[in-house]
Amino acid sequence: MTVSLKENERIDELQRNGYKIIQDPDRFCFGMDAVLLTGFANARETDKLLDLGTGTGIIPILMEAKYHCQHLTGLEIQAESADMARRSVELNDLGSRITITDGDIKEADSLFPAASFDVITCNPPYMIGMHGIQNPEGPKAIARHEVLCTFEDVTRVSAKLLKPGGHFFLVHRPFRLAEIITTLVKYKLEPKRMQLVYPYADKEPNMVLLEAVRGGKPRMTVEKPLIVYKEPGVYMPEIYDIYGY
C-alpha cells in the first residue's frame with residue numbers, strides 16, 4: 001500500500017516479513033532497545049497485546065511479524081508519532097491486526113477494559129529528572145526522560161490491564177534495577193526472567209530485559225548475558241538473528 005510521507009520522513013526496511021516503517025530522524029528513530037525487547041518477548045497467536053508508549057509503532061509491527069498475535073494495540077501520547085505509526089500500519093497492510101490509539105499511559109486503564117490483554121510490552125523513558133534537557137516538550141526528551149510518565153505509572157496500569165497470568169515485557173537501564181523490581185513486586189507483577197545486555201564482553205551492561213507475570217509465584221531465571229558487539233561495527237551472531245539478517 002502507498003502512503004504519503006511528510007517533510008523529513010523516510011521509509012526504513014525492517015528485515016521481517018517485508019515490513020517497513022516510517023521514521024523522522026529529526027524526531028526520534030527506534031533504537032536497538034526496542035528490537036532487543038521484541039527478541040526477548042514472546043507471545044501466542046491467540047494473544048491480545050498492548051504496547052505502552054509505542055512511538056512510531058516499531059514493537060507492535062515486529063511482534064506481529066514474529067508471533068502473528070490475534071490483535072496488537074499501540075498507545076502513544078505524541079500525536080505526530082501516533083500518526084507515523086498509523087501510516088506504517090497502513091503501509092504494511094496491517095490495519096486489521098494493529099490499532100494505534102492516541103492517549104496517555106497514565107490514563108491507559110480508563111482507555112481499555114481491565115484485564116483485557118494477555119501481553120503488555122514497554123520501552124519506557126529511562127532517565128529521571130530534567131537535567132540536561134534543552135526542550136522538555138520535545139519528542140526526544142519525552143521518549144528518553146520521565147517527563148510525561150514514571151515507571152510506576154507504567155507498572156500500575158500494566159497490572160490493571162493484564163489478565164491474571166498475563167506477561168509484561170520491559171527493557172530498561174540496569175542502574176534502576178532495584179527500583180524496577182521493587183515496583184513490579186509492589187503491583188503484583190512478579191519478575192520471572194531477566195537478561196542483561198552488554199555492548200562488549202568486557203564492558204558493563206547498559207540494558208536489562210525483564211519479563212514479569214501478573215500474580216506469578218516468586219522465582220526468577222537469569223538468562224545468559226547478551227553481548228551486542230564482537231568488535232566495533234560487527235554484531236555477535238545472536239544480534240544478527242534478532243534483527244533477522
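Trainee: How much space lies in the second largest pocket?
Mentor: The model is a predicted one. Its second largest pocket is lined by 13 residues. The space that lies in this pocket is about 210 Å³.

Trainee: Which element gives the largest share of the lining of the second largest pocket?
Mentor: Two or more lining residues come from each of α1 (32–40), α2 (58–67) and α8 (237–243). With three residues, the largest share belongs to α1.

Trainee: How do the residues of that lining divide into nonpolar, polar and charged?
Mentor: Nearest the centre of the second largest pocket lie Leu14, Val35, Leu62, Ile242 and Tyr243. Over the lining of this pocket, the division is seven nonpolar, three polar and three charged.

Trainee: Which residues do ring pairs link into a cluster?
Mentor: The structure has six aromatic pairs. One of them is formed by Tyr235 and Tyr240. The cluster linked by ring pairs consists of Tyr200, Tyr229, Tyr235, Tyr240 and Tyr243.

Trainee: Is the pair of Tyr235 and Tyr240 stacked or edge-to-face?
Mentor: The ring centres of Tyr235 and Tyr240 are 5.4 Å apart, and their planes stand at 70°. Planes over 60 degrees apart count as edge-to-face. The pair of Tyr235 and Tyr240 is therefore edge-to-face.

Trainee: Is Tyr235 buried or exposed?
Mentor: Buried means under 20% relative accessible area. Tyr235 has a relative accessible area of 19%, while Tyr240 has 30% and is partly exposed. Tyr235 is therefore buried.

Trainee: How many residues of strand β8 are buried?
Mentor: Strand β8 spans residues 189–198 and is mostly covered. Of its 10 residues, the number buried is eight.

Trainee: In which sense do β8 and strand β9 pair, parallel or antiparallel?
Mentor: Strand β9 covers residues 207–214, and eight bridges connect β8 with β9. Val197 stands opposite Met207 in β9. The sense in which β8 and β9 pair is antiparallel.

Trainee: Which residue in β11 is the bridge partner of Val197?
Mentor: Strand β11 (residues 226–227) runs parallel to β8, and two bridges join them. In β11, Val197 has as its bridge partner Leu226.

Trainee: Over the ring of which residue does the charged end of Arg193 sit?
Mentor: Strand β10 (residues 221–222) is parallel to β8 and joined to β8 by two bridges. In β10, Thr221 is the bridge partner of Arg193. The charged end of Arg193 lies 3.8 Å from the centre of the ring over which it sits, that of Phe40.

Terms used. Residues are numbered from 1 along each chain as its sequence is written. This is a predicted model: local features need pLDDT of at least 70, side-chain atom pairs count only at pLDDT 80 or more; totals for chains, interfaces and linings use all residues. Side-chain values use heavy atoms; hydrogens and water are left out. Buried means under 20% relative accessible area, exposed over 50%, partly exposed in between (1.4 Å probe, protein chains only). Helices (H or I, at least four residues) and strands (E, at least two) are DSSP runs, numbered from the N terminus. Two strands pair if DSSP finds at least two bridges between them. Rings of Phe, Tyr and Trp (its six-membered ring) pair if their centres lie within 6.5 Å; planes under 30 degrees apart count as stacked, over 60 as edge-to-face and the rest as tilted. A charge sits over a ring if NZ of Lys or CZ of Arg is within 6 Å of the ring centre and within 35 degrees of the ring normal. On a 1 Å grid over the protein atoms alone, a cavity is a set of points where a 1.4 Å probe fits but cannot get out, and a pocket is an open set with protein on both sides within 12 Å along at least five of seven lines; lining residues have an atom within 4 Å of a point. Grid points are joined across faces, edges and corners, and a volume is the space filled by probe spheres set on the points. Ala, Val, Leu, Ile, Met, Phe, Trp, Tyr, Cys and Pro count as nonpolar, Asp, Glu, Lys and Arg as charged, and the others, Gly among them, as polar.
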